[in-house]
Amino acid sequence: MEPLIAPSILSADFARLGEDVSAVLDAGADIVHFDVMDNHFVPNLTIGPMICEALRDFGIEAPIDVHLMVEPVDRIIPDFARAGATYITFHPEASHHVHRTISLIHDHGCRAGLVFNPATPLTWLEHVIEELDMVLIMSVNPGFGGQAFIESSLDKLRQARKLIDNSEYEIRLEVDGGVKVENIGKVAAAGADTFVAGSAIFGSENYAATIAAMRAEIDAASQ
Ligand code: DX5
Ligand code: ZN
């Protein structure tokens, strides 16, 4: 699968979000990673469906990858689908009925993903992998941008890669947290194909140069 660069707008300039998201897409990003936090499932509070809709109204056409760090999840899914989400991913701990939540996402016309915290085992995949469009491996504990990459995530990515390849379904393997130019090569080598990066992109002087450097590292890792 084509590698996708997914800047996390958690590190964007919220006072001029539409322009900053346009800029990062013009600089070569593929999809927009949209972090939703509720000060309950995770200790931070961010943005909801109104902001997603505002980005669509502003003219953002790229896929929007909504990462729900909220509990409960089901109530808010139709709102995000209406607001223009492309992917909706959620944490299994935040849903009482994981299979039902995946179906709800699909019923509303979006692609569904399951997110694994650093301590969450991949066994959750056993009975639902064939229902998924994306598996997201957290390489930090969710809640904040700018945290250090947890090295054990590389092993977990390799395991997830095997499970996805064995399933023979078209499932994206996304990684989220602490990804930067310096480590994206080994993350790609471990099997990720969708790369969230917040502070590394939005905190850089030149988005295009940073994204190009990331792509070069990904390409080199796949040689
Ligand atoms: C963390 C979020 C991430 C975060 C990544 O809870 O899910 O998407 O924005 O930020 P960086 O790339 O700065 O670690
Ligand atoms: Zn995220």
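Me: How many cavities of 30 Å³ or more does the count come to?
Reply: Keep in mind that we're looking at a predicted model here. A cavity is a spot where a 1.4 Å probe fits but cannot get out. With the cut-off set at 30 Å³ or more, the count comes to one.

Me: What volume does the largest cavity have, and which residues lie closest to its centre?
Reply: The volume of the largest cavity is about 210 Å³. There are 25 residues lining it, and the ones closest to its centre are S8, F144, G145, D176 and G177.

Me: Which elements each supply at least two residues of that cavity's lining?
Reply: Two of the names are β2 and β3, the latter covering 64-69.

Me: How many residues of the largest cavity's lining are nonpolar, polar and charged?
Reply: Gly counts as polar in this scheme. Sorted by class, the lining of the largest cavity has eleven nonpolar, twelve polar and two charged residues.

Me: What about the largest pocket: which residues are closest to its centre?
Reply: A pocket is an open set of points, unlike a cavity, where the probe cannot get out. The largest pocket holds about 210 Å³ of space. Its lining is made of 17 residues, and the closest to the centre are M1, R161, G191, A192 and D193.

Me: Which element gives the largest share of the pocket's lining?
Reply: The elements giving two or more residues are α5 (153-167), α6 (184-189) and α8 (207-221). By class, the lining divides into ten nonpolar, two polar and five charged residues. The largest share, three residues, comes from α5.

Me: Why does the pair of F34 and F80 count as edge-to-face?
Reply: Ring centres within 6.5 Å make a pair, and planes over 60 degrees apart make it edge-to-face. The centres of F34 and F80 are 5.9 Å apart, and their planes sit at 75 degrees, so the pair is edge-to-face.

Me: How many residues apart in sequence are the parts that F34 and F80 tie together?
Reply: Both F34 and F80 are buried. F34 lies in strand β2 (residues 32-37), while F80 lies in helix α3 (residues 77-82). The pair therefore ties together parts that are, in residues, apart by 46.

Me: Are F202 and Y207 buried or exposed?
Reply: These two form an edge-to-face aromatic pair, 5.4 Å centre to centre with 80 degrees between the planes. Buried means under 20% relative accessible area. F202 has 9% and Y207 has 17%, so F202 is buried and Y207 is also buried.

Me: Is T89 buried or exposed?
Reply: T89 is found in strand β4 (residues 87-90). Leaving aside neighbours within four places in sequence, T89 is in contact with D65, V66, H67, L68, G113, V115, M134 and L136. Its relative accessibility is 0%, so T89 counts as buried.

Me: And F58: is this residue buried, exposed or partly exposed?
Reply: F58 sits in helix α2 (residues 49-58). Not counting residues up to four places away in sequence, F58 touches G18, E19 and S22. Its relative accessible area is 46%, and since the in-between class runs from 20% to 50%, F58 is partly exposed.

Me: What distance separates the charged end of R111 from the centre of the ring of Y87?
Reply: The charged end of R111 sits over that ring. From the ring centre of Y87, the distance is 5.0 Å.

How values were computed: Residues are numbered from 1 along each chain as its sequence is written. Chains are lettered from A and ligands numbered from 1 in the order in which they are written. This is a predicted model: local features need pLDDT of at least 70, side-chain atom pairs count only at pLDDT 80 or more; totals for chains, interfaces and linings use all residues. Side-chain values use heavy atoms; hydrogens and water are left out. Helices (H or I, at least four residues) and strands (E, at least two) are DSSP runs, numbered from the N terminus. Buried means under 20% relative accessible area, exposed over 50%, partly exposed in between (1.4 Å probe, protein chains only). Contact means heavy atoms within 4.5 Å. Rings of Phe, Tyr and Trp (its six-membered ring) pair if their centres lie within 6.5 Å; planes under 30 degrees apart count as stacked, over 60 as edge-to-face and the rest as tilted. A charge sits over a ring if NZ of Lys or CZ of Arg is within 6 Å of the ring centre and within 35 degrees of the ring normal. On a 1 Å grid over the protein atoms alone, a cavity is a set of points where a 1.4 Å probe fits but cannot get out, and a pocket is an open set with protein on both sides within 12 Å along at least five of seven lines; lining residues have an atom within 4 Å of a point. Grid points are joined across faces, edges and corners, and a volume is the space filled by probe spheres set on the points.
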